[in-house]
Amino acid sequence: MADTPAVYDHYRPSGTDYPDGVYRVVGTDADGVTLLRVGDADGRRRHTGEVVTVPTAALSGFEAAENPDGNRSRQAVVRSSLDGLYWSARAFVQTLAERPLLSTAALALLLAGEFGSDALSLSGLQAGALIVVGGLALVYIGSGRL
């Protein structure tokens with residue numbers, strides 16, 4: 001192991017009593033380093049929550065390792081992103097549904113600005129203002145801050 005490990009460096013034990021896996025440096029001081037186990041023995045990402053403190057004398061029993069966060073396939077990254085998008089949209093819609101009157105009013109402002117400029121005799125600036133106000137109101141209501 002390097003003489004001065006830095007936070008976010010990654011190491012794996014070699015011939016020590018520590019469990020196999022990939023460890024991320026999460027803290028350093030004069031007595032040693034604090035490591036979080038973030039990968040299994042094969043280098044795959046794991047959320048273990050295991051934290052160990054390695055004394056300075058035992059640092060030589062570790063070697064540099066690859067960051068396990070970088071070994072996800074593109075398919076896994078896309079699937080995770082789409083899954084997150086689905087759950088974010090679902091939570092947003094549910095939050096809007098909890099406040100139906102405010103949500104309807106905000107949506108009405110947005111739609112009036114977008115489609116009602118002729119029927120309501122709105123100028124371009126007025127229509128744009130309704131779109132912005134209605135959209136921001138929907139976002140504010142859907143964020144759950146209201």
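Mentor: One term before we start: two strands count as paired if DSSP finds at least two bridges between them. Also keep in mind that this is a predicted model.
Trainee: Got it. How many bridges pair E1 with strand E5, and in which sense?
Mentor: E1 and E5 (residues 62–64) pair over 3 bridges, in the antiparallel sense. Within that pairing, Arg12 has Glu63 of E5 as its bridge partner.
Trainee: And which way does E1 run relative to E2, parallel or antiparallel?
Mentor: Antiparallel: strand E1 (residues 10–13) is joined to E2 by 2 bridges. Tyr11 is bridged to Tyr23 in E2.
Trainee: Which residues make up the largest nonpolar core?
Mentor: There are 9 of them, and Tyr11 and Tyr23 are both included.
Trainee: Switching to helices: how do H1 and H3 sit relative to each other?
Mentor: The axes of H1 (residues 74–98) and H3 (residues 124–142) cross at roughly 95° and come within 8 Å. Angles of 65 to 115 degrees count as roughly perpendicular, so that is how H1 and H3 are described.
Trainee: Which residues make the contact?
Mentor: From H1, Phe92, Thr95 and Leu96; from H3, Leu138, Val139, Ile141 and Gly142.
Trainee: Last one: what does UniProt say about residues 119–141?
Mentor: The unreviewed entry annotates them as "transmembrane region". In the model that span is 78% helix and 0% strand, and its end C-alpha atoms lie 27 Å apart.

Definitions and conventions. Residues are numbered from 1 along each chain as its sequence is written. This is a predicted model: local features need pLDDT of at least 70, side-chain atom pairs count only at pLDDT 80 or more; totals for chains, interfaces and linings use all residues. Side-chain values use heavy atoms; hydrogens and water are left out. UniProt positions are given in the numbering used here, feature names are shortened, and annotations may be inferred rather than shown by experiment. Helices (H or I, at least four residues) and strands (E, at least two) are DSSP runs, numbered from the N terminus. A nonpolar core is a set of buried Ala, Val, Leu, Ile, Met, Phe, Trp, Tyr and Cys residues joined through side-chain atoms within 4.5 Å. Buried means under 20% relative accessible area, exposed over 50%, partly exposed in between (1.4 Å probe, protein chains only). Axes are lines fitted to C-alpha atoms, for helices over the stretch in contact, and angles run from 0 to 180 degrees between N-to-C directions. Angles under 35 degrees count as roughly parallel, over 145 as roughly antiparallel, 65 to 115 as roughly perpendicular and the rest as oblique. Contact means heavy atoms within 4.5 Å.
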